[in-house]
Amino acid sequence: MMPEINFEILFDAAPSPYLVMDRNLVIGYANRAYMQVTGRARGELVGRSVFDVFPDIRAHTTIDGVSPVKASLLRVLDSGEPDPLTLQRYDILAPGSRDAYEERWWYGAHVPVPGPDGTVQWIIQHSEDVTDYVLARRHGALPSIRDEAVEAVLYNRTRELQGCNDQLRRAHAREREVAVTLQEAMLEDPDLSRHDNVTVRYIPAVQSLHVGGDWFDVVDVPPDRCSVAIGDVVGHGLQAAALMGMLRSALSGASRAVHSPAGALEVLGRYAESIEGALNTTVATALVDTRPRRIIYSVAGHPPPVLMHSDGRFELLDQATGPPLGIAPLHLPRPQVSVDYRPGDTLVMYTDGLIERRGQDIDAGLALMIEELVRCCTLGHEQTADALLDCMEATHGGDDDIALIVFRL
């Protein structure tokens, strides 16, 4: 029986620098060679975003304002495939200095490590410091035979990497075209067209294929009721979009058959247990009954909807919150609560991409959103949606999708 491998010891023994990041590009590990070549201690790296430690501004080459390193990492997150880096300059702090940088040249690759659901969970960055060679070549310090040999190797390697990059970009473009068509079809909502008092918005994450797992849905429940729902499947790309379409359709059907938000979520939860990758999905659904002017709602691990009154008061609909789909060990009944509304009030439902910011407590984002809603309480539903997105996107890093429903009651 082979002994268990300690991968930290294995990486530390490697002569080349290696960095391991999670899918949010937060550093989880740096091997000994990486710390030596960058002059950073492990405590200065682990737990921080790679672009907080090594800002894009130190890159000497950019494409549309984005460094090749960042562009490569985003391609890996989108495609789930390795992405090579060609020779490039990125300066780092000189040893013992806080503001003096020294010229450094690198090449390497980014390699994805998938998680249990098949999406990228970790990215390994392999980089080689070739500064000595570049500077020696510049000053003519290398013997000509060695110059030609090493230069030929680098030239051929660069051509190979460029060819791989071109293939990946073409594949990415094809996948993006398919993904956009798929999501547009799945987000079509015939019942929504009958409601001129409801506005919906979808903003894709910057790093995604312009598709993801966020969705919204509007279902008419005759004679005088309307079910509205919003949900968020973990992940981005085609897999998340496909799961989103399945769950959205299932909830839409359940809402038509089971005229109870809690009951519809129980049906959806059982269905989600049979679909790989659907667990941890969050959903909020509400039944708007226009006769008694009442909202009946139930939430499965999702950020709470907001009932905004026309006089500037607001209510967080957070009194009927249960766990995300598939989390509860037993099939316990989902909670459900009703709240009254007045004509002119506004129901706002959203996904966490609207209020969540890296390095900031989600409650701060929720408070900012509510402040903007208070300012918009006298606006129409379309103007409210636009103003809300303008305000929140100003501080949004584009790391997650945003879905939004603004329902003028």
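Which residues are buried in α10? In this predicted model, the buried ones are G365, L366, M369, I370, E372 and L373. They sit on the same side of α10, because they cover an arc of only 160 degrees around the axis. The opposite face looks otherwise. Turned away from the buried side, that face carries the exposed residues D363 and R375.

Now take the length of this helix. Helix α10 has 14 residues, which should span 20 Å at 1.5 Å a residue.

E372 belongs to helix α10, which covers residues 362-375. Its relative accessible area is 10%. Buried means under 20%, so E372 counts as buried. What does E372 touch, once neighbours within four places in sequence are left aside? It is in contact with A387, L388 and C391.

Next come the sheets. Start with the open sheet whose order is β2-β1-β7-β6-β3. It has five strands, and their pairing is antiparallel. Which strands stand at its edges? They are β2 (27-30) and β3 (83-89). Each has a single partner strand, so one side of each is left without a neighbour in the sheet. From one strand to the next, the twist averages 20 degrees.

Walk across this sheet from β2. Strand β2 is joined to β1 by three bridges, and the two run antiparallel. Here M21 stands opposite I27 in β2. The hairpin of β1 and β2 has four residues between the strands. In that hairpin, L25 takes a positive phi near 65 degrees.

On to the next pair. Strands β1 and β7 pair over five bridges, again in the antiparallel sense. Across this pairing, D22 faces W122 of β7. L85 stands opposite G108 in β6.

A helix joins the picture here. Helix α5, residues 68-79, packs on the sheet. Which strands does α5 touch? They are β1 (18-22), β3, β6 and β7 (120-129). The direction of α5 makes about 175 degrees with that of β3.

There is another open sheet to trace. Its five strands follow the order β8-β18-β17-β13-β14, with antiparallel pairing. The edges belong to β8 (198-203) and β14 (314-316). Each of these has a single partner strand, so one side of each lacks a neighbour in the sheet. Neighbouring strands are turned by 15 degrees against each other on average, direction ignored.

Look inside this sheet at β13 and β17. Strand β13 covers residues 306-308, and β17 covers residues 346-350. Three bridges pair them in the antiparallel sense. Opposite L307 stands L347 in β17.

P204 lies in the loop between β8 and β9 (212-221). Is P204 buried or partly exposed? It is partly exposed, with a relative accessible area of 24%. How far apart are P204 and A403 in sequence and in space? The two are separated by 199 residues in sequence. In space, they are 8.5 Å apart, C-alpha to C-alpha.

Definitions and conventions. Residues numbered from 1 in each chain as written. Predicted model: local features only at pLDDT ≥ 70, side-chain atom pairs only at ≥ 80, totals over all residues. Heavy atoms only, no water. Pairing = 2+ DSSP bridges. Axes fitted to C-alpha atoms, helices over the stretch in contact; angles between N-to-C directions. Contact = heavy atoms within 4.5 Å. Buried < 20%, exposed > 50% of the residue type's maximum accessible area, 1.4 Å probe, protein only. Expected span 1.5 Å × (residues − 1). Arc of directions from axis to C-beta.
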